Amino acid sequence: MGWRLFCARCGFRGGVEVYYFRCPVCGGALEVEGSLPSFPRVLGEGSTPIVFEEFSGSFVGFKLEYLNPSGSFKDRGVAYSLQLARSLGYKCVVVDSSGNTGLSTAVYAARLGLKAYIVVPRTASPGKVSLMRAAGATVIQALDRSEASKLSEAYAGECFHVAHLTSPIFIEGVKSLGVELAESSRKPVVLAPVSSGSLVVGLYRGMVEHGVKPRIIAVQASEYASLEGLVELLAYTGGPTSRLADALVVKRPPRLEEIARIVRESGGGLVKVGDEAIRWALRELLGMGFIVEPSSAVVWAAYRALEDRLRGEEVILILTGSGLKYYRELEEVALGGQLS
């Protein structure tokens, strides 16, 4: 037997090697039973550098996920997903995305000979949208994330829906990050941005499967702190607005209960970060040579807020996305200005 998808919430089980982008019965997130196939790297994704430095008695590692081919950790999940799509006979792929997943899908679809349809909310980064089009994707604009999700579903069936919020296939690709972290550290505290949660779920599963159980500190934009009230709030820094963190805008991720369980069981917690902290954290990261997007800077703001509590720990910060897609915004932030 190969693999099949199932829903832990309602008990649905699909056919052998039949893909669903979410549970067709209750709409929930899916899991995998059986053995998924292995695929090679497509564009050299993964194996990103980790740069260690000492700060205030802590050994801090910066995992440079923004050096993946399309500029984000999403390449891990997308590369695996699209190779599976091609093996199942799909000729096109679709995804709704505020930016990084869409760009990654456009890039890998071009490489693998698949047609890509990317549905973006009107608030999506213009730089990312331009790059999607440059890579050959058809970009469809929606009013917001909710409408983008509905429009993308119209293509599902004929096209493989990447569905990074609900598909276990995407998470299977992200698990490679956890494997790399497990090889570099035996008992780390991991600070990671959380929006849909695929990053935390994937890296945690990968680490645990390789014998390492990290402490997870989830970092969320202050306006979209879906974990608040579900896990311990460790710190709140930077104010109530979080417009700069445009990649961290999922209000209620489908895997919210699992994310909360991972954070609680690992002994971690939540840090909420707003624009004021994102702005100075981004400046400090740029000053250290890390060209990241604003949504990645939240982990440095969180570390600074917890610096005394993390003294003596081995800490890993996941720098998820490249700032090269935000060159105008980064210039304004670095010079101390406000975004218009």
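**Cavity, pocket, hairpin and a loop serine**

Mentor: This is a predicted model. The structure holds one cavity of 30 Å³ or more.

Trainee: What volume does the largest cavity have?
Mentor: A probe the size of a water molecule, rolled over the atoms, shows where space is left empty. For the largest cavity, the volume comes to about 270 Å³.

Trainee: Which residues lie nearest the centre of the largest cavity?
Mentor: Its lining has 23 residues. Nearest the centre of the largest cavity are Phe-73, Lys-74, Ser-195, Ala-247 and Leu-248.

Trainee: Which helix gives the largest share of the lining of the second largest pocket?
Mentor: That pocket has about 430 Å³ of space. It is lined by 22 residues, with Phe-39, Tyr-80, Glu-172, Gly-173 and Ser-176 the closest to its centre. At least two lining residues come from each of α1 (74-87), α5 (168-184) and α6 (198-209). The largest share, six residues, belongs to α5.

Trainee: How many charged residues are in the lining of the second largest pocket?
Mentor: Asp, Glu, Lys and Arg count as charged. The lining also has seven nonpolar and eight polar residues. The charged residues number seven.

Trainee: Which residue takes a positive phi in the hairpin of β3 and β4?
Mentor: Strands β3 (residues 50-55) and β4 (residues 58-64) pair in the antiparallel sense, over six bridges. Within that pairing, Glu-53 stands opposite Val-60 in β4. Two residues sit between the strands, and the one with a positive phi, near 50°, is Ser-56.

Trainee: Is Ser-222 buried or exposed?
Mentor: Ser-222 lies in the loop between β10 (215-221) and β11 (233-237). Buried means under 20% relative accessible area. Ser-222 has 10% relative accessibility, so the residue counts as buried.

Trainee: Which residue has its backbone oxygen 3.4 Å from a polar atom of the side chain of Ser-222?
Mentor: Look at the contacts of Ser-222, leaving out residues up to four places away in sequence. They are Tyr-236, Gly-239, Pro-240, Thr-241, Ser-242, Lys-272, Val-273 and Gly-274. A polar contact needs N or O atoms within 3.5 Å. The backbone oxygen at 3.4 Å belongs to Thr-241.

Note on methods
Residues numbered from 1 in each chain as written. Predicted model: local features only at pLDDT ≥ 70, side-chain atom pairs only at ≥ 80, totals over all residues. Heavy atoms only, no water. Helix = DSSP H or I, 4+ residues; strand = E, 2+ residues; numbered from the N terminus. Buried < 20%, exposed > 50% of the residue type's maximum accessible area, 1.4 Å probe, protein only. Polar contact = N/O pair within 3.5 Å; in protein donor to acceptor, adjacent residues only side chain to side chain. Contact = heavy atoms within 4.5 Å. Pairing = 2+ DSSP bridges. 1 Å grid on protein atoms, 1.4 Å probe; cavity = no way out; pocket = protein on both sides within 12 Å on 5 of 7 lines; lining within 4 Å. Points joined across faces, edges and corners; volume = space filled by probe spheres on them.
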